[in-house]
Amino acid sequence: MRKVPELSLLSYVHGTQNDKVKFVNDIFGGLKDYGFIILKDHTVEQKKIDRAYELVKEFFDLPLETKIKYKGNNGGQRGYTPFKTEHAKDNKNPDLKEFWHVGRELAATSAYKGVYPENVWPTEVAELKKTFIELYEAMDATSVTLLEAIGKGLDVPSDYFSNMIHDGNSIVRMIHYPPTKGQDTKNSIRAAAHEDINLITMLVGATDSGLQLLERDGTWLDVESRPGEIVVDTGDMMSRITNNVLPSTTHRVINPSDDGSARFSMPFFVHPHSNAILKCIPSCESAGGRTPQPEITAGEFLTQRLREIGLIK
């Protein structure tokens, strides 16, 4: 019976040298085999997550005419994206979700000030800005720790990933999957089979189940997590720079058996800065006899993929 591995991030942060080595081996092995792992403990305060979910529900309860005021024209990179706008790559049927993106609050001196879209904040939910800036910073710091551990498994310098994601274009996505009653559930599901674009994704809980990953034998495996846990998966950028040693695993969110229930989730997509070069890591160059993909900047790759999923025309 296969099950996504559960690991203790705190054993890496506060543990002995042996604990750290075990965590590096376990996260590398889990991501290599499943493309997913679950952190049963971590460095993000649960009260920040709980408050964020309360405000997410408050925002998505607003009338559509209010939410639509915050719709951006930047490929959905910030602000509100309406229901049934996004679709999976090579799938013309829209996902049954609406979402909101929060990105990095850059210093005025940052080289990426004006390159990334500015955040949009709804005045109708007063605490949302403060809460999500705090959550973003906590998730960002945790991503540095996770990538440091993954980097040890890849035999790269200790600052390899921290340099890549410094002032990176990471985003928190608040997702609302409304009840599916009355929707075309024959052709559309909450999130059709897809791979993430970024280096890693950190999903801080969800209010309902439905997440599945595609096993190599073509079967779907439920990704079962409990409140307080973080689900981590690898994206296309990680797959590209590791020559598929750490693959980007196909996953989906299926429709519920109860068509009157809603689902909320908050993934944190960890992106490099736009000028980061996505090139094969030396230890992965001959992996499986595969030829590494050509170099491309993270900004170019992101734009290409946003076009493929219908967020940029």
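How many bridges join strand β7 to β12, and in which sense do they run? Select residues 200–206 for β7: 5 bridges tie β7 to β12, and the two run antiparallel. (Strands are DSSP runs of E, at least two residues, and helices are runs of H or I, at least four, numbered from the N terminus; two strands pair if DSSP finds at least two bridges between them.)

Before moving on: this is a predicted model, with local features needing pLDDT of at least 70, side-chain atom pairs counting only at pLDDT 80 or more, and totals for chains, interfaces and linings using all residues. Residues are numbered from 1 along each chain as its sequence is written, and side-chain values use heavy atoms, leaving out hydrogens and water.

Now pick Ile-200, whose bridge partner in β12 is Val-270. Next, show β5, residues 171–177, which pairs with β12 in the antiparallel sense over 5 bridges. There, His-176 has Phe-264 of β12 as its bridge partner.

Then colour β12 itself, residues 263–270: 8 of its 8 residues are buried (under 20% relative accessible area, 1.4 Å probe, protein chains only). Arg-263, Ser-265, Pro-267 and Phe-269 point one way, with Phe-264, Met-266, Phe-268 and Val-270 pointing the other.

Last stop: select His-271, Pro-272, His-273 and Ser-274, which are among the residues lining the second largest cavity. (On a 1 Å grid over the protein atoms alone, a cavity is a set of points where a 1.4 Å probe fits but cannot get out; lining residues have an atom within 4 Å of a point.) Helix α8, residues 298–308, gives the most to this lining, with 3 residues.

How values were computed. Buried means under 20% relative accessible area, exposed over 50%, partly exposed in between (1.4 Å probe, protein chains only). On a 1 Å grid over the protein atoms alone, a cavity is a set of points where a 1.4 Å probe fits but cannot get out, and a pocket is an open set with protein on both sides within 12 Å along at least five of seven lines; lining residues have an atom within 4 Å of a point.
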